[in-house]
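Try each task before reading its solution.

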Amino acid sequence: MKKLLLVLISAIFLLTIVGCGCEDTVVCNGEHVEEILSAKAPTCKEDGLTEGKKCAICDDIIVMQEIIPRLSHTYEDDYECIVCGEVAKESEGLDFELDTKTNTYTFVGVGECTDKKIVIPIKYNDIDVTKIKAFALYNNEAIEELTISKNITLIEDYALSNCTSLKRITVSTKNEAFKSADGSLYTKDGKKLLQYALGKAEASVKLLDTVEEIGSCAFAGNQYLKKISFGDNVKTIGVSAFVNCHYIESVSLGKVEKIGDNAFYGCAALTEITIPETVTEMGQGVFYGCVGLNVSCEAQEKPSGWSEYWNDGNFPVIWGKQ
């Protein structure tokens with residue numbers, strides 16, 4: 001009797017762990033019956049989803065749904081989103097400096113604020129906040145979102161550099177100096193990318209077609225990008241633009257004309273790059289720290305506008321179009 005019970009228990013246990021996977025059922029017989037998992041458009045409050053598919057019989061996932069990041073809120077004169085009506089709460093505890101000449105305030109640092117989503121106040125002590133000081137948020141690894149009002153007219157160099165968790169920058173549509181697109185910060189005319197949102201977990205990036213210049217340290221410290229491709233409109237890559245982007249494997253420079261100092265410093269995964277003959281200016285240490293890099297230059301010899309120390313790493317260089 002005990003043996004019979006053990007056999008029955010063992011059979012039930014095996015059925016439990018094996019289950020009735022699609023390939024084991026007479027009904028499905030290994031041929032999935034597709035059921036559409038509907039896509040959901042993102043809003044400024046919630047992430048969206050791509051269309052997916054699963055088996056209507058065994059529930060196996062055939063096409064996994066992927067998350068589409070939520071859209072940025074749309075702000076105009078104040079911090080009430082004109083799409084969803086949500087009002088952003090201005091951050092408290094930030095540090096400011098008064099410019100007595102213009103009677104305006106400059107945002108200079110996080111101070112005692114611990115917000116991960118920093119919303120720079122439109123006014124401080126009833127006076128307009130119009131500037132973000134150099135290095136104001138430099139190296140801040142906690143901030144995930146930054147919201148900028150219409151009053152900000154100047155963002156000094158390196159103000160937002162190396163914020164490695166920053167996934168989204170939102171700028172008021174009424175701001176006359178800056179704008180945001182895909183979470184990154186641009187000049188209003190779209191000709192210069194000032195700061196890429198470093199926390200976006202994307203392996204490649206598509207810039208606005210209007211971009212002509214990549215700002216200094218715009219991508220510095222990014223740990224997600226693997227492929228960079230510049231359109232023909234990009235002419236300038238700023239100082240340290242891609243410094244310590246350790247995972248970039250491929251770079252297509254398009255028709256770039258000027259590459260700043262240390263532009264690709266520390267891009268250790270980059271093994272090959274072609275410098276187009278359009279590059280007439282090259283800074284020093286551009287590829288320093290790129291272990292095992294091979295460089296091809298379309299120019300027949302080093303152009304006069306290139307720094308003597310452009311190849312500080314002494315990488316193998318092939319001159320002339322192949």
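**Exercise 1. A bridge partner**

Which residue in S3 is the bridge partner of Glu34?

Solution. First, note the ground rules. This is a predicted model, in which local features need pLDDT of at least 70, side-chain atom pairs count only at pLDDT 80 or more, and totals for chains, interfaces and linings use all residues. Residues are numbered from 1 along each chain as its sequence is written, and side-chain values use heavy atoms, with hydrogens and water left out.

Next, find the strands. Strands are DSSP runs of E with at least two residues, helices are runs of H or I with at least four, and both are numbered from the N terminus. S3 covers residues 52-55. The partner of Glu34 there is Cys55.

Now widen the view. S1 and S3 are antiparallel and share four bridges. Two strands count as paired if DSSP finds at least two bridges between them.

**Exercise 2. Around Leu193**

Which residue in S17 stands opposite Leu193?

Solution. Start with the hairpin. S15 (residues 184-187) and S16 (residues 192-195) pair in the antiparallel sense over two bridges. Four residues lie between these strands, and Gly190 in the turn has a positive phi of about 75°. Tyr186 stands opposite Leu193 in S16.

Then move on to S17 (residues 213-214). S16 and S17 run parallel, joined by two bridges. Ile214 in S17 stands opposite Leu193.

**Exercise 3. The whole chain**

What is the radius of gyration of the protein chain, and what would a compact globule of 322 residues have?

Solution. The chain has 26 Å; the globule would have a value near 20 Å. The radius is taken over C-alpha atoms, and the globule rule is 2.2 Å times the number of residues to the power 0.38. Check the extents next: the C-alpha trace spans about 95 × 60 × 35 Å along its principal axes.
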